[in-house]
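Please look over the notes below alongside the model.

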Amino acid sequence: MVFTRGKVYKNHLDLQKNKGFPTPTKDSISECEAGNSDFTPEFQSYEKSILDLQEIINLLAEINPFPVAIIGLESHQILFKNKLVDNPVLQQLIPDFLADSDLWTQLNSKLANDNFISKLALEIKSSNETRFSAIISGKLVNYEHKRAAFLVFTDVNTVMGASEEQQKDTLEKLELSNLITDTSDSQRLPTIKHSPWPAPSHLMEQALAAISNGIVLTDANQPDNPIIYVNQAFEAMTGYSAGEVIGQNCRFLQANETDQLSLSELRSALQEKKECHVVIKNFRKDGTEFWNELYIAPVFDSCGQLTHFIGVQNDITHHLQALETLQEQKEQYRRIVETASEGIWLLNENNETTFVNQQMASMLGYTIEEMLGASLFSFMDAEGLDIAQDLLLGRQQDIQEKHNFKFRCKDGSDLWAILSCTPFLDEQGNYTGALGMLTNISDVYDELRLRKQAEASLQESKERLDGILNSLEVVIWSIAADTFEMLYLNSAVVQVYGRSVDEFYDNSKLWFELIHPEDQQRVSQSIKPLLANGSHELEYRILRQDGQVRWLYNHSHVIYDAVGQPIRIEGVATDITERKNMEERLVYHAFYDDLTGLPNRVLFMDRLAQTINQAKESPNDLFAVLFLDLDRFKVVNDSLSHLVGDQLLVSFAQRLQSCLQPEDTLARLGGDEFTILLSHIQSIDDATRIAEKIHQALKLPFNLSGYEVFTTVSIGIAFSTNDYVQAADLLRDADTALYCAKEQGKAWHIVFDSTMYDRAVALLQLETDLRWAIARQELYVVYQPIVSVATGKITGFEALVRWEHPERGLISPVEFIPVAEETGLIIQIGQFVLRESCQQLKQWHLEFPEFQHLSINVNLSGKQFSQPYLVEEIEQLLQEFELDPNSIKLEITESAIMASPEQAATILQQLKTLGIQLCIDDFGTGYSSLAYLHCFPIDVLKIDRSFTRRIDSDSEQLAIIRAIVTLARNLEMSVVAEGVETVNQLVQLQLLKCDQAQGYLFSKPLSSDKVSLLLAAKTQY
């Protein structure tokens, strides 16, 4: 058998009887052709057969008893021949055959028409007049990429024109050369009769043993077609010895894989006595599988009867694996081409499009089908053609190009692209086409004249990008997944690790050795999940040679091979030390006070909550919370500056700390408020002793920036015996106790009790009800007469606010006015009273014309007095109700005036300018304002009821009133005595020549209707 380009040709060896070589039949050649028509397409594309073609040709030509030659049809050169061609008798046979042009033309024509020849009888005349006759069988083949004729000279005779002695001599030489010359009655040329020589069986045995392909011979005439011979290559390929397989059918190699499609084709070929070429899965003796490329050919005897099947097998497992890898790569390349952001364009030697990817077609606005076959130049305008012509010559000279190029899109717009072009040349150096890669840069090139500017900009951007990449501070690394050997490391490792790049290449474990000892186990444990999951993120510390501890954020991912085995681990390590330090600072700022370094409210509340939870588990563990507030701290800030105030807070915190145990918690809540959590105390007495210790410690002054400052503190204490659940409740109660301590006076401490809470709740409810009272108009105004002490006539009224609560009834001003002052509601209430009073006074003037001299006193709170638009509001009310300004008297307390004397003097003067009379209410109870009294435009001094009440029984009180009256008279002011309730008090005021008085002796506060009745009766006291 001879194999060439995947085709099989038969010599039809008769191995059963006389080992002769019969003439091939036309049917067997046809069967050979048909048997090869279904070869697997994968094997048609390879230039060389899976079998070693030259090895097969050399072997079978060597053992073939006929002259064999392969002759090039175009070159007339002998491409291959066996030793018989060089026999002294026949060595001139082929040259003489080639020299006969008629014979050669006849052979060429025959091969061109039929693709093969069978038993063609020829007569050859040599140059020395020797005449040969031969029967030639042949086949048109492709040998070494050349069209050639494969020829076997089966019968050779040299009788024509020779003497008997010459014929005898020729026969002897042929015998010596083992040349087999057979006769055939079907040939038209006479032949020399002789007996066939015996076949060189020992040579065949050696050849089959030496061949690298597995050879198996089966007996077709015995049941189940048993094996009668295998060569050594078969034994090596399958693992079975010849003794183990002789007598068996070859199907034992299939194991359980008996339903392969190729086996059906093989069985059919055996039944039809045809050649077959299949690829099947076989199993070796050890059970391992291998892919067997099997060629089967039938062997016929001289009578055309099937005697044997010969099989040639080759292990192509590795080849199929290579094909699979190649197919995967092809698929990968296909995906890359399809998803590439660049356009890909293939041209042939005529610059016609043979391939474009979707991106390229989309760039130009065409479909792929529209572009295939189209000339490159059809996508250019005149300008693009000029550029192309200049560059085309270089492309054909195998010059790789990269330049800017202009194309014309389907819609007529221009496409500027960076074109990278690689030419294709054949073996002779002829241009066969080109590959182009296009990057769309149309957005950069608005016009051709901007091209150079864009190139410069692009170059500048490239240099800038290179600079950025070269200055990266992150460590980029790659290591082997099995050995952790360093494969790549950038220079940033020097800055981050403080080690050179070479040190990491020399020591593959260095990166792990530099990990902080406390983090090494955690990093080591992360490797297994990394290999399992494919990626991982981790933060850990490293310890540098210089002692620095740095934090790294490492993002790693695994690279796998085609079978899913990890081959590399790659990652980026970022130095996050600054971020970690910032996080620590943020955590510190979140839980500690910046000024004093003490725990802040958040941390204090957390520790308090923990203490409460621990107390639930251990009821005998008692604790207390102290809420501290510096007394008159605002005075220090306002007088000595906030800087000194901050120094006081820091020094105060240090002094407090000296009074506490290490397990106690001191915190600053904000401003001048501090809290203390006393843990593990025995009773409330322990907490009060700490409070007293703090008071004692504050008796010493603080030396702050040259100032000697004394301060005191008010303390509220909440004890843990009240079964607290929420930390906020405990802090609330301590704050409530603090508020009570401040009410009691400065430098005091009070322990919380439930009545404080009830009072606080009541005040909160009162504030809420008061807000609703204003909205629901539950407030109203009453009027108390002011009487002339000398005449007993009514000279005016003082307007007083009252509150009729829908549920509680009448609520005293003593109860709700302080709440209104504290919450700021007093401003709304004061505006309401002022408007009601002006409106009512106007109504009385209209109703009682004889009382035009009546005036009305309205109280102004300190907050109301400090309002920026107070004067404008009063002026507007006077205009609205058409009142004489002299009929309005505003009562202001000494405290409101002395809070800001300069500002008060300005406002009072503005009011005086309007014509309004000004009164100092409760004179003598507030700040000592005698030094300022003559500076203010005051018209009336109102003596507080606390002096009037004991005027008839207390000589000191009488002396004070006498002094006030005398002072007012000297300052040209009038005096009104409040709280007159007895006749004796009135007589004393008359003796002191006090101007006016008011009190229950004359009348309690009256509603506006009752006042109208009083005026109508012209009452006189």
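The numbered points take the sheet and then the cavity.

1. This is a predicted model, in which local features need pLDDT of at least 70, side-chain atom pairs count only at pLDDT 80 or more, and totals for chains, interfaces and linings use all residues. Residues are numbered from 1 along each chain as its sequence is written, and side-chain values use heavy atoms, without hydrogens and water.

2. Five strands form an open, antiparallel sheet in the order 9-8-12-11-10 (strands are DSSP E runs of at least two residues, helices H or I runs of at least four, numbered from the N terminus; pairing needs at least two DSSP bridges). Strand 9 (227-230) and strand 10 (276-283) are at the edges with a single partner strand each, so one side of each has no neighbour in the sheet.

3. Strand 11 (residues 289-300) pairs with strand 12 (residues 306-315) in the antiparallel sense over nine bridges. Ile296 has Gly311 in strand 12 as its bridge partner.

4. The structure holds six cavities of 30 Å³ or more (a cavity is a set of points on a 1 Å grid over the protein atoms alone where a 1.4 Å probe fits but cannot get out; lining residues have an atom within 4 Å of a point). The largest cavity has about 330 Å³ of space, volume being the space filled by probe spheres set on the points, which are joined across faces, edges and corners.

5. Of the 21 residues lining the largest cavity, Trp477, Trp511, Tyr540, Asn554 and Ser556 are the closest to its centre.

Definitions and conventions. On a 1 Å grid over the protein atoms alone, a cavity is a set of points where a 1.4 Å probe fits but cannot get out, and a pocket is an open set with protein on both sides within 12 Å along at least five of seven lines; lining residues have an atom within 4 Å of a point.
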